[in-house]
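Subject: Structure for your review

Dear colleague,

Please find the structure below, together with its sequence. I would be grateful if you read the notes after it with the model open beside you.

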Amino acid sequence: MANIGKIARRGGLYTLLGGFALFGAFPFYWMVIATFKEDHDLFSPLNNPFLFNEPPTLDHLRLLFFETHFVGYLLNTLLVGLAVVVITLATAVPAAYALARWARGWGETLGIGIFLTYLVPPTILFIPLSRFASFFGLQESLWSLILVYPTFTIPFCTWLLMGFFKTIPKDIEEQAMIDGLSRLGAMTKVVLPLGISGILTVVVFSFTLSMHEFIYALTFISVSAKKTVSIGVPTELVRGDVFQWGPLMAGALIASIPVAVVYTFFLDRFVAGFTMGAVK
Amino acid sequence: MTSPSNPTPLANADRGGILDREGALAKLLIAPAVFYIAAMIGAPFVLALLYSLSDATTGDPGLRLIGFQNFRAALADPVFRLALRNTFVFTLLSQTIVIVLSRVLANALLKPFRGKWLVRFLIMLPWTAPISLGTIGWLWMFDSIFSPADWVLRYLGLLGTASSLFGGQTNMYWLGIPGLAISSVILVNVWRILPLATVIQLAGLSSIPKDLIEAAEVDGASPWRRTLMITIPLTLPIVSIAFLFGVVFTFTDLVVVYVLTRGGPVHTTQVLSSWTFFKGIEGGDLAQGAAISLFMFPVLAVVAIFILRMARRTEVV
């Protein structure tokens, strides 16, 4: 009897998890189907939409890669993401180190203050920032995105790194300083190598958050060739009023999966930032 | 910057000097981040405040202050009022559902089972993949003719014939009928935030000391009582954090509504952020747009205060 109960509980668990996994992943499964389906099959309301009623095709992928700006969107996204990573590292690493090391009263307060600016949403800032962009002649330029995206990466990453640096014992750098290194020397030669996993986390987040961003890109960029994937795919793969669902879904799928894989590895650290150390 | 020459930090005479210089060094290291935030968050925020009190448009962006006219005009506009109500309704409904579901899901994920990494990857996809791309997948699933949900309903005989439960038309028009469009937007918001809330709750649940629960078990506390007296109080701070961040992200989100409905049909799914965009950017009325967006601020300020108090209570500081 106990065994039956155990099996039933096991079955219940798998059903529950299966249901949630289906809910989370179904839109992406639906992208896979559309990517490889013949238009004729895709657009027949009587065909079973879950099956390939005609042999799969690579036409949508060919169209996506050779007849749209999709490759350009990917390159733009890569360029913006890498530049944002560099700016974020250059500002957040020193700030987080200083806040973690000289944090008595004001350091903590300033750290929390910086984190709170993460709560000021792009939906309040995008109108004034669009004026900044046009004032500096950066409309339709990737530079506008490169300069604006650190507004959400710096606060979050500074906070995250602060936590990382606090876990590195002070003794280690004090020892290094006794051995003749300067404070900056101790920071760059001793502390940074120990904080490498924190820095890697920041690299991943700055990049993925930049790739996810939608509002600023939508507001600042309207020239097709300059778009990033997050706005290029939803706004450009439409001919007139007609959505080109095959290439559209292929584009969404190809751009989503790699970043999702990397992000999943770092998700726990991302959440550790949110919970503000409430969970040790 | 004068490079800190420090032959030996133990030299007594130098000590005050080094500390002074360390203070300067700290400020120097923090300065770029603070400057960036002041210039790119602080300054635009002030500009948004000024715009909201002016009559600036994209064509004539000069600042002439005209008082609170924009806020009055916004409040008098029925579309704005609808957007304001929708923003609250969508956020609270979706986040309540998210908190319940994420608790169930987190409990399930705590148990050991095979293939956990794959299940976790699939469940996290809505949060880890770019939201605009995930939402475009939903747009195709809600298609007015080719929606797979419609096909299933027709297949089951619930749609498409005169006697069907959902009526004789061949499609549901998920995004074309106000009630369904609202439900669809809420559903996608739930879908999107659920992974984040789940991971936060997971962290909370796994942080409860095992011996505490075992002690309660030994003392003869029933599972319900253990949940009520130990798990819930101990994880309340973390649940609140999950809820507050879910609220911030949903309350200020533009993507879901913009990609799915553009606020339609006839503004029934309009929210503050989408209405800000349509008025302020597409309509070119910077002043109105800024005023509309600032209606979000009080809620965000309250959330920030709660998060701060939570941080104090859990003594992270």
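The notes below take each chain in turn, then the interface, and then some individual residues.

Please bear in mind throughout that this is a predicted model.

Chain A

Chain A contains 14 helices and two strands. Its 280 residues have a radius of gyration of 24 Å, whereas a compact globule of that length would be near 19 Å. The C-alpha trace of chain A extends over about 75 × 75 × 35 Å along its principal axes. Of the residues in chain A, 48% count as buried. Among contacts in chain A with a separation of 6 or more, 75% are between residues 24 or more positions apart.

The domain assignment divides chain A into domain 1, covering 2-46 + 55-60, and domain 2, covering 69-236. Between the C-alpha centres of these two domains of chain A the distance is 36 Å.

Helix 4 of chain A, residues 70-101, deserves a separate remark. With 32 residues at 1.5 Å a residue, this helix should span 46 Å, and the 45 Å between its end C-alpha atoms therefore agrees with the expectation.

Chain B

Chain B has 13 helices and zero strands. For its 317 residues, a compact globule would give a radius of gyration near 20 Å, but the value for chain B is 26 Å. Along the principal axes, the C-alpha trace of chain B covers about 95 × 70 × 30 Å. Buried residues account for 43% of chain B. Of the contacts in chain B with a separation of 6 or more, 67% link residues 24 or more positions apart.

The interface

At the interface, 85 residues of chain B are in contact with 81 residues of chain A. Helix 1 of chain B (residues 15-52) contributes the most to the chain B side, with 16 residues. By residue class, that side of chain B comprises 67 nonpolar, 15 polar and three charged residues.

Individual residues

Is B:Lys279 buried or exposed? B:Lys279 counts as buried, because it has 25 C-beta neighbours inside 10 Å and the cut-off for a buried residue is 20 or more. This lysine belongs to helix 11 of chain B, residues 272-282. Setting aside neighbours within four places in sequence, B:Lys279 is in contact with B:Asp285, B:Gln288, B:Gly289 and B:Ile292. From B:Lys279 to B:Ile292 the separation is 13 residues in sequence and 8.7 Å in space, C-alpha to C-alpha.

The loop between helix 10 (255-260) and helix 11 of chain B holds B:Pro265. The peptide bond leading from B:Gly264 to B:Pro265 is cis, with omega near -10°. B:His267 is also found in the loop between helix 10 and helix 11 of chain B. Its phi is near 65°, a positive value in a residue other than glycine. B:His267 is partly exposed, with 19 other C-beta atoms within 10 Å.

In chain A, A:Glu140 has a positive phi near 65°, and A:Glu140 is likewise a residue other than glycine. A:Glu140 lies in the loop between helix 6 (122-135) and helix 7 (142-148) of chain A. With 15 C-beta neighbours inside 10 Å, A:Glu140 counts as partly exposed.

With kind regards

Technical notes. Residues are numbered from 1 along each chain as its sequence is written. Chains are lettered from A and ligands numbered from 1 in the order in which they are written. This is a predicted model: local features need pLDDT of at least 70, side-chain atom pairs count only at pLDDT 80 or more; totals for chains, interfaces and linings use all residues. Two residues are in contact if their C-beta atoms, placed from the backbone, lie within 7 Å. Helices (H or I, at least four residues) and strands (E, at least two) are DSSP runs, numbered from the N terminus. Ala, Val, Leu, Ile, Met, Phe, Trp, Tyr, Cys and Pro count as nonpolar, Asp, Glu, Lys and Arg as charged, and the others, Gly among them, as polar. Domain bounds come from an automatic or database domain assignment. The expected span of a helix is 1.5 Å times one less than its number of residues. The radius of gyration is taken over C-alpha atoms; the globule rule is 2.2 Å times the number of residues to the power 0.38. A residue is buried if 20 or more other C-beta atoms lie within 10 Å of its own, exposed if 12 or fewer, and partly exposed in between; C-beta atoms are placed from the backbone.
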